[in-house]
Amino acid sequence: MNKYKHIIFDLDDTILDFQDSEEKALKQIITLYELPYNQQTIACYKRINDELWHQLEEGLISREEVLTTRFSLFLKEYQIDENGAKVEAMYREHLNQGHKTVTHAHELLNALSKQSYKLYIGTNGVGKTQRKRLGGAKLQGYFEQLFISDEIGYEKPNPHFFHYIFDALHTSSKEEFLMIGDSLTSDIQGAINVGIDCVWFNPKRSMPKSCSPKSTYTIPNLMQIMDLLEE
């Protein structure tokens, strides 16, 4: 019998296609400010956004700083002086509508739900947005609980994020947990930080840097989770 009882899923780009949601929301903002919607403009935003989220994961800045400055910094690159919080609010209204699922997400969750596993969401992000997107995809019924950084006060990979989950579930049996996510720096590093097994979901078959954290398992297809659990 498989040792895992509790399976924690990351949400963005593991269960829900965040890239699709982000692209559509970002297009609305870029178009609103009459900027060219092309790869260069998108890359400019993503460079700023990724750096801010990286600083957040390292505990150097707050989530509020990420959300209120990323668009002001982005627009400043195009000589536009705008209130970052104002643009963030518009962006989030569009982002909240995005609930396209990752390939095989429905199929995997349906298969797992027929077995004895307890499923959870463990995600960084804004609570209202994550709950609305998960509800739009009609997936919330698969999960026992949703653990969202905005609501619990800690971001992955901070060990406190996972200890919050252990406390909420009244268990310290780490060998019973499995973390599944697409991010080496938050999902995988976070799992390693607290000593639980983890699966790096890597559909693009990216090559990690030599200094990247090493996951217990690596898969390009979500349905391979079933094979792992049957080993």
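**Notebook: loops, sheet and helix packing in a predicted model**

I began with Pro157, which I found in the loop between H7 and helix H8 (159–168). This is a predicted model, and I read the backbone angles below with that in mind. The peptide bond that leads from Lys156 into Pro157 is cis, and its omega is near 15°. I noted this because most peptide bonds are trans, just as most residues other than glycine have a negative phi.

I then looked up residues with a positive phi. Glu34, in the loop between H1 and H2, has a phi near 55°, and I record Glu34 as exposed because its relative accessibility is 73%, where the cut-off is over 50%. Arg205 also has a positive phi, near 55°, and sits in the loop between strand E5 (197–201) and E6; with a relative accessible area of 61%, Arg205 is exposed. A further entry is Lys138, which follows H6 and has a positive phi near 60°.

Next I turned to the sheet. I found it to be open, with six strands in the order E3-E2-E1-E4-E5-E6 and parallel pairing. Which strands stand at the edges? They are E3 and strand E6 (217–219), each with a single partner strand, so that one side of each has no neighbour in the sheet. Averaged over the sheet and with direction ignored, neighbouring strands are turned by 20° against each other. Between E2 and E3, which run parallel, I noted four bridges, and in this part of the sheet Gly122 stands opposite Phe147 in E3. Helix H5 (residues 105–113) packs on the sheet, where it touches strand E1 (6–9) and E2, and its direction makes about 165° with that of E1.

H6 lies across E2 and E3, and I have it running at about 145° to E3. Within helix H6 (residues 127–136), the buried residues are Gly127, Thr129, Gln130, Arg133 and Leu134. I checked what covers them, and the cover includes helix H1 (18–32), H4, strand E2 (118–123), strand E3 (145–148) and helix H7 (149–152).

For H3 and helix H4 (residues 84–95) I looked up the packing geometry: the angle is about 100° and the axes are 7 Å apart. The two helices H3 and H4 are therefore roughly perpendicular to each other. On the H3 side the contact is made by Leu67, Thr68, Arg70, Phe71, Ser72 and Leu75, which meet Gly84, Ala85, Val87, Glu88, Tyr91 and Arg92 in H4. By type, the residues of this contact between H3 and H4 divide into six nonpolar, three polar and three charged.

Last, I went through the aromatic rings, for which the count comes to ten pairs. One of them joins Tyr45 and Phe74, edge-to-face, at 5.7 Å centre to centre and with 80° between the planes. Tyr45 belongs to helix H2 (residues 39–57) and Phe74 to helix H3 (residues 63–76), so this pair ties together parts that are 29 residues apart in sequence. Both Tyr45 and Phe74 are buried. Phe74 also pairs with Tyr78: the centres are 5.6 Å apart and the planes stand at 70°, so this pair, too, is edge-to-face. Are these two residues buried or exposed? Phe74 is buried, at a relative accessible area of 0%, whereas Tyr78, at 24%, counts as partly exposed.

Key:
Residues are numbered from 1 along each chain as its sequence is written. This is a predicted model: local features need pLDDT of at least 70, side-chain atom pairs count only at pLDDT 80 or more; totals for chains, interfaces and linings use all residues. Side-chain values use heavy atoms; hydrogens and water are left out. Rings of Phe, Tyr and Trp (its six-membered ring) pair if their centres lie within 6.5 Å; planes under 30 degrees apart count as stacked, over 60 as edge-to-face and the rest as tilted. Buried means under 20% relative accessible area, exposed over 50%, partly exposed in between (1.4 Å probe, protein chains only). Axes are lines fitted to C-alpha atoms, for helices over the stretch in contact, and angles run from 0 to 180 degrees between N-to-C directions. Angles under 35 degrees count as roughly parallel, over 145 as roughly antiparallel, 65 to 115 as roughly perpendicular and the rest as oblique. Contact means heavy atoms within 4.5 Å. Ala, Val, Leu, Ile, Met, Phe, Trp, Tyr, Cys and Pro count as nonpolar, Asp, Glu, Lys and Arg as charged, and the others, Gly among them, as polar. Two strands pair if DSSP finds at least two bridges between them.
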